[in-house]
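Here are my notes from going through the model, as numbered points. Have a look at it first, then read on.

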Amino acid sequence: MSMSVLGEEVTAGLEFPPGFRWGVSTAAFQIEGATTVDGRTDSIWDAFCRRPGAVVGGDTGDPAADHYHRFRDDVALMAELGLGVYRFSVAWSRVRPDGGAVNPKGLDFYERLVDALLERGITPWATLYHFDLPQALEEDGGWANRDTAYRFAGFAEAAAERLGDRVPFWSTLNEPWCSAFLGYAKGIHAPGRQESRAAVASAHHLLLAHGLGLAEIRRYAPDAESGITLNLYPVRAEDESSAADLDAARRVDGLQNRLFLDPVLRGQYPDDLLADLEPFGFGDHVRDGDLELIGAPIDQMGINYYRGYEVTGTLRPGVEPGGLEWVGADGIGFVPDVAASVTHSGWSVQPDGLAETLVRVHREYPAVPLYVTENGAAYPDSMRPDGWIDDVERVEFLAAHLRAAHAALARGVDLRGFSYWSLLDNFEWAEGYSKRFGLVHVDYGSQVRTLKRSAHFYAQVIRDNAVPGTPA
């Protein structure tokens, strides 16, 4: 049996398990806009956007996709697509402006959003931290200051106390690697610092915040499935017979993956990584009891996957030297995947890496239910005169990664859901509005939403609970 996708005959659909959760993901600063409304104050991203040259085009988080005012229309779009899960983030600067007292109006917005989702039969999944620290806390040292982890616990308490009776899924943090190393080491994300010692301190304090926040969620939502979301990528040595390449892969894998997986799932940091980061004072920040908090059992883990890395310890023309974000890994280089197509972000399309990542976590770490909480691609979408957006590349990208997710299931991975990044075109951090990841096109001037071909494709996958198979 075969079927047609994009005019190509493919084998019969690959079915997913009954109850598999299909969703989309977004982040507050990327879609909400309304940055000064109802008591919200600056986050580090508001301040970063005002820095000349920090964001492409001088773009800011206002109006973004104006989701703050248009959330009901967006929820209607989700229902039209048949989505079962909506993963959103809660803006700390709305709920506890400047990191201070609770702002009821900020919580009111998320309560309205959650209720609108539930009315449409869509499961809300709340992420507490998606890169948007209150600027006032950054001025006190940000994530390099241990106290920020305790302030996060207060934010988690406020959100869980109000929403915990209706939100059945929670993530404490989204991609702490990005917050620590892109924000505090490389400086291309807010707050834009280039301080290696601050970056490694931030990595630990973010994980401490996870542990403290998880405890608060459990107080108010004991029956919820709570955990953390990590961006994990496979890391391969270019030459597995080369000691230099193997060591480069060890260091990159340590910083990208094991620095977060090991303490969360095993309650300890890897010894080799502690040695790598010792010159930057990492161990000075780890106090008695921290790892017990960080390693408290979680109910689920979200995995964000976009691409993999091939690395070398021998720099040469054509190899990209590692940047400031690879603290303690001097002399490494990244080898381009010349066989792969690339997205508009310049990222190699490597769907097999998703299966590899899922299988690795399943086989090497204590058992925990897994969800793909982000996977998506930016392409330079264009709208035809008739209003149709034929984003064939995104359809092919999505289909290939869904097949990879299915392959992981076939290899025994306890994978329970998949959420595409993202529902809407949005503010793409330092890239501003220059990159479009959405299933839904947003005209930023008029805020008109238009379903792309990929949205229709994903809706069909959800209806069938299956992805078309490989080309026949």
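**Notes on the model**

1. Let's start with Pro168, which sits in the loop between helix H7 (147-163) and strand S7 (169-174). Helices (H or I, at least four residues) and strands (E, at least two) are DSSP runs, numbered from the N terminus. Pro168 is partly exposed, at a relative accessible area of 31%; buried means under 20% relative accessible area, exposed over 50%, and partly exposed in between (1.4 Å probe, protein chains only). Not counting residues up to four places away in sequence, Pro168 touches Thr123, Pro124, Ala224 and Glu225, where contact means heavy atoms within 4.5 Å. Pro168 and Ala329 are 161 residues apart in sequence and, C-alpha to C-alpha, 40 Å apart in space.

2. Some housekeeping before going further. This is a predicted model, in which local features need pLDDT of at least 70 and side-chain atom pairs count only at pLDDT 80 or more, while totals for chains, interfaces and linings use all residues. Residues are numbered from 1 along each chain as its sequence is written, and side-chain values use heavy atoms, with hydrogens and water left out.

3. On to H7 itself. The 17 residues of H7 should span 24 Å at 1.5 Å a residue, and the end C-alpha atoms of H7 are 25 Å apart, which agrees. (The expected span of a helix is 1.5 Å times one less than its number of residues.) The buried residues of H7 are Thr148, Ala149, Phe152, Ala153, Gly154, Phe155, Ala156, Ala158, Ala159, Ala160 and Leu163. What covers these buried residues includes helix H4 (92-95), helix H5 (104-119), strand S6 (123-129), S7 and helix H9 (196-220).

4. H5 also packs on helix H3 (residues 67-81): their axes come within 10 Å and cross at roughly 15°. Axes here are lines fitted to C-alpha atoms, for helices over the stretch in contact, and angles run from 0 to 180 degrees between N-to-C directions. H3 and H5 are therefore roughly parallel to each other; angles under 35 degrees count as roughly parallel, over 145 as roughly antiparallel, 65 to 115 as roughly perpendicular and the rest as oblique. His67, Tyr68, Phe71, Arg72, Val75 and Met78 on the H3 side meet Lys105, Phe109, Arg112, Leu113, Ala116 and Leu117 of H5. By class, that contact has eight nonpolar, one polar and three charged residues. (Ala, Val, Leu, Ile, Met, Phe, Trp, Tyr, Cys and Pro count as nonpolar, Asp, Glu, Lys and Arg as charged, and the others, Gly among them, as polar.)

5. Is Glu32 buried or exposed? Glu32 counts as buried, at 3% relative accessibility, and lies in the loop between helix H1 (28-31) and helix H2 (44-49). Leaving aside neighbours within four places in sequence, the contacts of Glu32 include His67 and Tyr68, as well as Arg94, Phe109 and Tyr110.

6. Next, H10 and its two partners. Helix H8 (residues 176-186) and helix H10 (residues 243-266) pack at an angle of about 130°, with their axes 10 Å apart. That makes H8 oblique to H10. Pro176, Trp177 and Phe181 of H8 make the contact with Leu255, Gln256, Leu259 and Phe260 of H10. Those residues divide into six nonpolar, one polar and no charged.

7. The other partner of H10 is helix H13 (residues 352-364), with axes that come within 12 Å and cross at roughly 40°. H10 and H13 are therefore oblique to each other. Asp253, Asn257, Arg258, Leu261, Leu265 and Arg266 of H10 make this contact with Arg360, Val361 and Glu364 of H13. The class breakdown is three nonpolar, one polar and five charged residues.

8. Gly417 is in strand S15 (residues 415-421) and is buried, with a relative accessible area of 1%. Gly417 and Phe20 are 397 residues apart in sequence, yet 5.3 Å apart in space, C-alpha to C-alpha. Residues up to four places away in sequence aside, Gly417 touches Phe20, Arg21, Leu370, Tyr371 and Val372.

9. Last, helix H15 (residues 453-464). The 12 residues of H15 should span 16 Å at 1.5 Å a residue, and the end C-alpha atoms are 17 Å apart, which agrees. Buried in H15 are Ser454, Ala455, Phe457, Tyr458, Ala459, Val461 and Ile462. Asn465 follows H15 and has a positive phi, near 50°.
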